Amino acid sequence: MPIQALGYAGFGSADLDDWRQFGTGLVGLQAVERGNSLLAFRMDDRKQRIVIDRAMPEGAHFFGWEVADAVDLDALAARLEKAGVAVTAEPQALADARRVRGLISFSDPSGNRLEAFYGAETDDTPFRPGRSISGFRTGPLGLGHAVLTVENIDAMMPFYVGLLGFGLSDYMLKPFRAYFFHINARHHSLALIETGRNGIHHLMVELFSLDDVGQSYDVALNEDRVNVTLGRHTNDLMTSFYAKTPSSFMVECGWGGRQIDPATWQSCELKDGPSLWGHERLWLPPEDREVAREMRMRAAAEGRRAPVQVMEGNYKLMPGTCPWWDGLSKAG
């Protein structure tokens with residue numbers, strides 16, 4: 001599969017000062033100044049992972065998907081063009097701005113700008129977090145994951161699965177329709193939520209320590225930025241919360257994400273809701289929030305528990321079957 005990971009993301013916003021404070025003081029990213037109109041963030045040895053660009057309109061965004069080399073980039077471009085997708089070979093000036101060696105761009109059926117690249121630049125200086133944290137889980141797993149809202153998921157599936165080669169991890173129909181896709185051992189690098197409109201729902205970053213997440217949560221509570229309370233997901237087993245960014249989407253700060261083996265993983269429908277506990281979703285309509293709450297109460301009544309090895313931070317590959325209760329245990 002040519003696409004290996006979510007390498008970077010960029011967003012248009014005039015609120016660079018607010019973004020700087022949010023990125024460093026709440027999430028723990030390292031801010032890198034790129035002139036008057038652009039703010040970049042580091043989260044590992046890469047020169048940049050997230051970009052906030054004042055020159056882009058509010059709400060504009062792009063996602064950079066990483067491939068191994070120039071051969072894979074050319075092969076991806078050829079496959080897209082054969083399928084009738086317009087591909088732009090971006091000039092070296094833009095590749096330099098993205099801190100990569102080679103770059104193409106194209107759009108998905110909903111109009112989201114996607115970029116594919118190879119040769120990301122690394123920095124000679126160590127990553128210095130904006131506040132005291134243990135760091136972010138990236139490497140071959142990539143930046144984290146992106147979740148998009150779409151008008152219709154069925155219209156997007158042939159593009160991401162059939163054309164780009166994403167694997168379906170699992171999906172749910174209640175309390176909202178959502179599909180989760182993997183390209184490496186991270187349970188999902190992309191998810192689509194069907195809301196009737198196109199946009200960004202959230203970007204997830206995974207920290208090395210649960211205490212890092214808890215302390216970020218305290219900062220978010222103090223700044224009135226919590227949009228989804230602390231909780232644990234049923235499919236990727238991530239313990240996380242979601243914070244309102246200075247833009248119109250959220251950042252999920254998480255820990256303990258499940259790894260899978262893409263070669264053996266079998267997808268299925270999730271019938272027990274998106275969260276084992278917590279994750280009160282303030283963005284949901286009241287009736288959907290009640291459905292989600294009932295699902296969590298049922299999980300509590302049945303005594304569902306996450307595997308000990310994940311709770312202890314030992315990130316072993318999970319069994320190649322999809323239901324969230326596979327590998328979970330009941331209390332007692």
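User: What volume does the largest pocket have?

Analyst: This is a predicted model, so every value here is computed from it. The largest pocket has a volume of about 280 Å³.

User: How do I read the lining, and which residues lie nearest the centre of the largest pocket?

Analyst: A lining residue has an atom within 4 Å of a point of the space. Here 17 residues line the largest pocket, and Arg197, Ile200, His201, Ser248 and Phe249 lie nearest its centre.

User: Which element gives the most to that lining?

Analyst: Strand β13 gives the most to the lining of the largest pocket, with three residues. Both β1 (5–12) and β13 supply at least two residues each. By class, the lining of this pocket holds five nonpolar, 10 polar and two charged residues.

User: How many cavities of 30 Å³ or more does the structure hold?

Analyst: A cavity differs from a pocket in that the probe fits inside but cannot get out. The structure holds five cavities of 30 Å³ or more. The largest cavity has about 170 Å³ of space.

User: Which residues lie nearest the centre of the largest cavity?

Analyst: Phe180, His202, His233, Tyr242 and Arg281 lie nearest the centre, out of 19 lining residues. Two or more residues of this lining come from each of β9, β11 (178–182), β13 and β14 (226–233). The lining of the largest cavity divides into 10 nonpolar, six polar and three charged residues.

User: What classes of residue line the second largest cavity?

Analyst: The lining of the second largest cavity has 10 nonpolar residues, no polar and no charged ones. Its volume is about 70 Å³. Among its lining residues are Phe11, Trp19, Phe22, Leu203 and Phe249. Helix α1 gives the largest share of this lining, three residues, and β13 also supplies at least two.

User: Now for charged side chains. How many salt bridges does a search of the whole structure find?

Analyst: To count as a salt bridge, a side-chain nitrogen of Lys or Arg must be within 4 Å of a carboxyl oxygen of Asp or Glu. The search finds 19 salt bridges. In one of them, the side chains of Asp17 and Arg20 meet at 2.8 Å, N to O.

User: Where do Asp17 and Arg20 lie?

Analyst: Both are in helix α1 (residues 16–27), three residues apart, which is about one turn of the helix. Asp17 is exposed, with 58% relative accessibility. Arg20 has 24% and counts as partly exposed. The side chain of Arg20 also meets that of Glu33 in a salt bridge of 2.9 Å, N to O. Because Glu33 lies in strand β2 (residues 30–33) and Arg20 in helix α1, this pair ties together parts that are 13 residues apart in sequence. Glu33 is partly exposed, at 47% relative accessibility.

User: Are Arg137 and Glu206 buried or exposed?

Analyst: The cut-off for buried is under 20% relative accessible area. Arg137 has 8%, so Arg137 is buried. Glu206 is buried as well, at 1% relative accessibility. The side chains of Arg137 and Glu206 meet in a salt bridge of 2.6 Å, N to O. Arg137 lies in the loop between β8 (113–118) and β9 (145–150) and Glu206 in strand β13 (residues 199–206), so the pair ties together parts 69 residues apart in sequence.

User: Which residues do salt bridges with shared partners join into one network?

Analyst: The network consists of Glu280, Arg289, Glu290, Arg293 and Arg296.

Notes. Residues are numbered from 1 along each chain as its sequence is written. This is a predicted model: local features need pLDDT of at least 70, side-chain atom pairs count only at pLDDT 80 or more; totals for chains, interfaces and linings use all residues. Side-chain values use heavy atoms; hydrogens and water are left out. Helices (H or I, at least four residues) and strands (E, at least two) are DSSP runs, numbered from the N terminus. Buried means under 20% relative accessible area, exposed over 50%, partly exposed in between (1.4 Å probe, protein chains only). On a 1 Å grid over the protein atoms alone, a cavity is a set of points where a 1.4 Å probe fits but cannot get out, and a pocket is an open set with protein on both sides within 12 Å along at least five of seven lines; lining residues have an atom within 4 Å of a point. Grid points are joined across faces, edges and corners, and a volume is the space filled by probe spheres set on the points. Ala, Val, Leu, Ile, Met, Phe, Trp, Tyr, Cys and Pro count as nonpolar, Asp, Glu, Lys and Arg as charged, and the others, Gly among them, as polar.
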